[in-house]
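Trainee: I am new to this structure and would like to learn how to read it step by step. Could we go through it together, with the general idea given before each case?

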Amino acid sequence: MTILAPASAPPTPEVLSPDTASAGLNFGLSDDQRLIVQTVREFCQAKVAPLSAEYDRSGEYPREQLRGLAELGLMGATVPGAWGGAGLDSVTYALCLEEISAADASVAVIVSVQNGLPEQMLLKYGTDAQRERYLRPLATGEALGAFCLTESNSGSDAASLRMKATREGSHDQPGGWILDGSKSWITSGNQADTYLVMARTGGAGARGVSCFIVERGTPGLGFGKPEEKLGLHAAHTTTVSFDSVRVPEGNMLGQEGQGLNIALSCLDAGRIGIAMQAVGIARAAFEHAARYALSREQFGRPIAENQGVSFKVADMAARIEGARLVALKAAWLKDVGQPYGREASIAKLLASEAAVDVTREAIQVFGGNGYSREYPVERLYRDAKITEIYEGTSEIQRVVISRSVFAEFGG
Ligand SMILES: Cc1cc2nc3c(=O)[nH]c(=O)nc-3n(C[C@H](O)[C@H](O)[C@H](O)COP(=O)(O)OP(=O)(O)OC[C@H]3O[C@@H](n4cnc5c(N)ncnc54)[C@H](O)[C@@H]3O)c2cc1C
């Protein structure tokens, strides 16, 4: 199979000749990558997808599904084996995330946050002691992580966050930190064992922010009820509150004042994850729509025989293929150690807008049935919308992309 083929297609042999590969562009996957993605697809279709409608209705947190994914190594997909992870490359992980998302977008966001944010932050900036205590249990799936950046008055403008961390003792004899404030919209806020929290240790702006590791059960740490959301019902999102929460000196991640940089640098990788979440949601809607168009008859023939319907399916295929390709390019750039921030933003922008459009059009193909909870496309439509908002809204992606473009032109 090539990475450009519809991911639901059965595996096929490599299609690119050695000549094409040596020309510097190779869309082929290795045998190992194909096997991993196939295994994850089979697991997700058998164990995750059949539960997604029920979990959407009940709002139950998908512990069982996460346990299964942990057994496959996907709760620490790109973390090296030395720290308990599966050691996958970013391209393979991205394709796995597509499979999880096509089965259940709520499960996918929990996996994406865990892999992309707390784990990457600990891996890149943690000491060995922090990695041993916090990264290893996250990577094996024994523990769950939460990323705490957003506040009620600080979303897109993350540098304006107000949560306070006050030093106990002195610089010469540090006694740890006391955290006070509240975070909003935290994925797994009520379920996590390890919280990565951005708080203000210095003056205004980005340089005044540091990052802390806070353990569940620390006195003063609390969380609200799951927010009632349009979609992603099984992925709980809550406020997390800090009332004089004491954090030992050793639980600062990186250096004092480095917290926002740590968070934002990992959000670049997180955006590839959200792009693949969007691709997975869109693919699921597209597959349902294509099958339905072939089976539903009106005027004595399948509705697929009307160009008005078949062109919708064609546009869905094109949007998904394009979005997947850009997201995988960003993942590949990450794997080969090249800058990928702009590509990650482009991927998130294109994929999330594709997901919203594709799921909306899938409802149209289903007609009245598409509007019903009896069919999966209405859930996919509700789940798709958030991909345009979290980990940087579409507008913020356009800010990032345009800044990068103007920088090239000397702006
Ligand atoms: C389900 C869900 C899960 C989430 N999970 C987490 C999590 O785990 N951890 C976490 O820290 N946060 C999380 N968030 C928060 C999320 O990242 C923020 O909602 C997002 O960054 C947008 O911030 P905001 O909601 O404050 O919107 P605002 O920043 O208030 O933006 C409102 C509108 O103004 C636009 N806007 C703002 N600034 C500009 C600008 N400069 N130019 C153009 N347009 C602009 C925005 O694009 C948007 O359309 C989650 C949110 C949701 C809904």
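Mentor: Let us begin with two domains: the centres of domain 1 and domain 3, taken over C-alpha atoms, are separated by 19 Å, where the domain bounds come from an automatic or database domain assignment. Please keep in mind that this is a predicted model, in which local features need pLDDT of at least 70 and side-chain atom pairs count only at pLDDT 80 or more, while totals for chains, interfaces and linings use all residues. Residues are numbered from 1 along each chain as its sequence is written.

Trainee: Into which domains is the chain divided?

Mentor: The division gives domain 1 (18-140), domain 2 (145-260) and domain 3 (264-408). Two residues are in contact if their C-beta atoms, placed from the backbone, lie within 7 Å, and in these terms 21 residues of domain 1 touch 22 residues of domain 3. On the domain 1 side, the elements that give two or more residues are helix H2 (31-58), helix H4 (90-103) and helix H5 (105-125); helices (H or I, at least four residues) and strands (E, at least two) are DSSP runs, numbered from the N terminus. That side holds 11 nonpolar, six polar and four charged residues, with Ala, Val, Leu, Ile, Met, Phe, Trp, Tyr, Cys and Pro counted as nonpolar, Asp, Glu, Lys and Arg as charged, and the others, Gly among them, as polar.

Trainee: Which residues come nearest to the ligand?

Mentor: A residue is near a molecule if its C-beta atom, placed from the backbone, lies within 6 Å of it. Of the 21 residues around the ligand, the nearest are Gly155, Ser156, Thr187, Thr393 and Glu395. Strand S1 (145-148), strand S3 (174-187) and helix H11 (394-408) are the elements that each give two or more residues to this shell, and by class the shell has 12 nonpolar, six polar and three charged residues.

Trainee: Why does the ligand lie between domain 2 and domain 3?

Mentor: The ligand lies between them because domain 2 (145-260) and domain 3 (264-408) both give residues to the shell around it.

Trainee: How should I read burial, and is Ser188 buried or exposed?

Mentor: A residue is buried if 20 or more other C-beta atoms lie within 10 Å of its own, exposed if 12 or fewer, and partly exposed in between, with C-beta atoms placed from the backbone. Ser188 has 25 such neighbours and therefore counts as buried; this residue sits in the loop between S3 and strand S4 (194-200), and its phi is positive, about 65 degrees, although it is not a glycine. Trp185, in strand S3, is partly exposed with 19 other C-beta atoms within 10 Å, and its phi is also a positive value, near 60 degrees. Gly337, in the loop between helix H8 (307-335) and helix H9 (341-366), is exposed, with 7 other C-beta atoms within 10 Å.

Trainee: Which residues have the most contacts inside the largest nonpolar core?

Mentor: A nonpolar core is a set of buried Ala, Val, Leu, Ile, Met, Phe, Trp, Tyr and Cys residues joined through C-beta atoms within 7 Å. The largest one has 128 residues, and those with the most contacts inside it are Leu179, Phe212, Ala278, Ala289, Ala323, Ala327 and Ala347. Helix H7 (residues 259-295) supplies the largest share of this core, 21 residues. Leaving aside neighbours within four places in sequence, Ala289 is in contact with Val313, Met316, Ala362, Val365 and Phe366.
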